[in-house]
Amino acid sequence: MARVDWSAGIDSVSGALSKPAKTGHHRCSKMLLGTHRIAETTTEECNRVYIRKKVKRSTAPTARELEIRGKFEAVAKAVALRKKDLMNISTDQANFLAQKDQPGGKKTLKAYLWKVCSDAYDQEHGA
């Protein structure tokens, strides 16, 4: 296996370093994936880099998957609109700060808005 030496200031890399484009244009055709392992071992070589070929899905998305994708798309749009809505900004910030330190509270405003908009979506769609 190849040895990876990171540049000064980079201790480790974890996750996809490059992803293949869906259309195949202007990007690599393989995924470059870096991992960092923190486990106790006899060696200090804990960084690994893997190359993964592009994978095509063999089955069509199920109805449940399409439903989840639809919910994600709708909630993402609602969050984006709510972040820009001047009528809600002050109350959202106040409500976020009030719940932030509570048990089960969301720690970021973005996470809070996702919860609020997701709950609203579920209420509208009877979930």
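**Exercise 1. A helix and its length**

How many residues does helix α3 have, and how far does α3 reach from its first C-alpha to its last?

*Solution.* Keep in mind as you work that this is a predicted model.
- Step 1: find the ends. Helix α3 covers residues 109-124, which gives 16 residues.
- Step 2: look at the span. From the first C-alpha to the last, α3 reaches 22 Å.
- Step 3: At 1.5 Å a residue, 22 Å is expected, and the span of α3 is close to that.
- Step 4: step past the end of the helix. Just after α3, G126 takes a positive phi of about 65°.

**Exercise 2. The overall layout and the confidence**

List the elements of the protein chain in order, then find where confidence is lowest and where it is highest.

*Solution.* 
- Step 1: count the elements. The protein chain has three helices and three strands.
- Step 2: Starting at the N terminus, the run is β-β-β-α-α-α.
- Step 3: check the confidence. The average pLDDT of the protein chain is 81, and 76% of the residues score at least 70.
- Step 4: compare the elements. Strand β1 (residues 15-18) has the lowest confidence, with a mean of 73, while α1 has the highest, at 94.
- Step 5: Where pLDDT is low, the predicted coordinates should not be read in detail.

**Exercise 3. One face of α2**

Work out which residues of α2 are buried and how they are arranged around the helix axis.

*Solution.* 
- Step 1: pick out the buried residues. In α2 these are D92, F96 and Q99.
- Step 2: look down the axis. The buried residues of α2 fall within an arc of 75°, so they line one face of the helix.
- Step 3: turn to the other side of α2. There, S90, L97 and A98 are exposed.
- Step 4: ask what does the covering. The cover over the buried residues of α2 includes α1 and α3.

**Exercise 4. A buried aspartate**

Is D92 buried or exposed, and which side chain does D92 join through a polar contact?

*Solution.* 
- Step 1: D92 belongs to helix α2.
- Step 2: apply the cut-off. D92 has a relative accessible area of 4%, and buried means under 20%. D92 is therefore buried.
- Step 3: find the polar partner. The side chains of D92 and R82 are joined by a polar contact of 2.8 Å.
- Step 4: Beyond the neighbours within four places in sequence, D92 is in contact with R82, L109, Y112 and L113.
- Step 5: look at two of these partners again. Y112 and L113 are among the buried residues of α3, and the cover over the buried residues of α3 includes α1 (63-84) and α2 (89-100).

**Exercise 5. A lysine in a strand**

Where does K30 lie, and which residues does K30 touch?

*Solution.* 
- Step 1: judge its accessibility. With a relative accessible area of 40%, K30 is partly exposed.
- Step 2: compare positions. K30 and P20 are ten residues apart along the chain, and their C-alpha atoms are separated by 5.4 Å.
- Step 3: list the contacts. Leaving out residues up to four places away in sequence, K30 touches S18, P20, I51, R52 and K53.

Conventions. Residues are numbered from 1 along each chain as its sequence is written. This is a predicted model: local features need pLDDT of at least 70, side-chain atom pairs count only at pLDDT 80 or more; totals for chains, interfaces and linings use all residues. Side-chain values use heavy atoms; hydrogens and water are left out. Helices (H or I, at least four residues) and strands (E, at least two) are DSSP runs, numbered from the N terminus. The expected span of a helix is 1.5 Å times one less than its number of residues. Buried means under 20% relative accessible area, exposed over 50%, partly exposed in between (1.4 Å probe, protein chains only). Contact means heavy atoms within 4.5 Å. The arc is that of the directions from the helix axis to the C-beta atoms. pLDDT is the predictor's confidence in each residue, from 0 to 100. A polar contact is a pair of N or O atoms within 3.5 Å; within protein, one must be able to donate a hydrogen and the other to accept it, and residues adjacent in sequence count only if both atoms are side-chain atoms.
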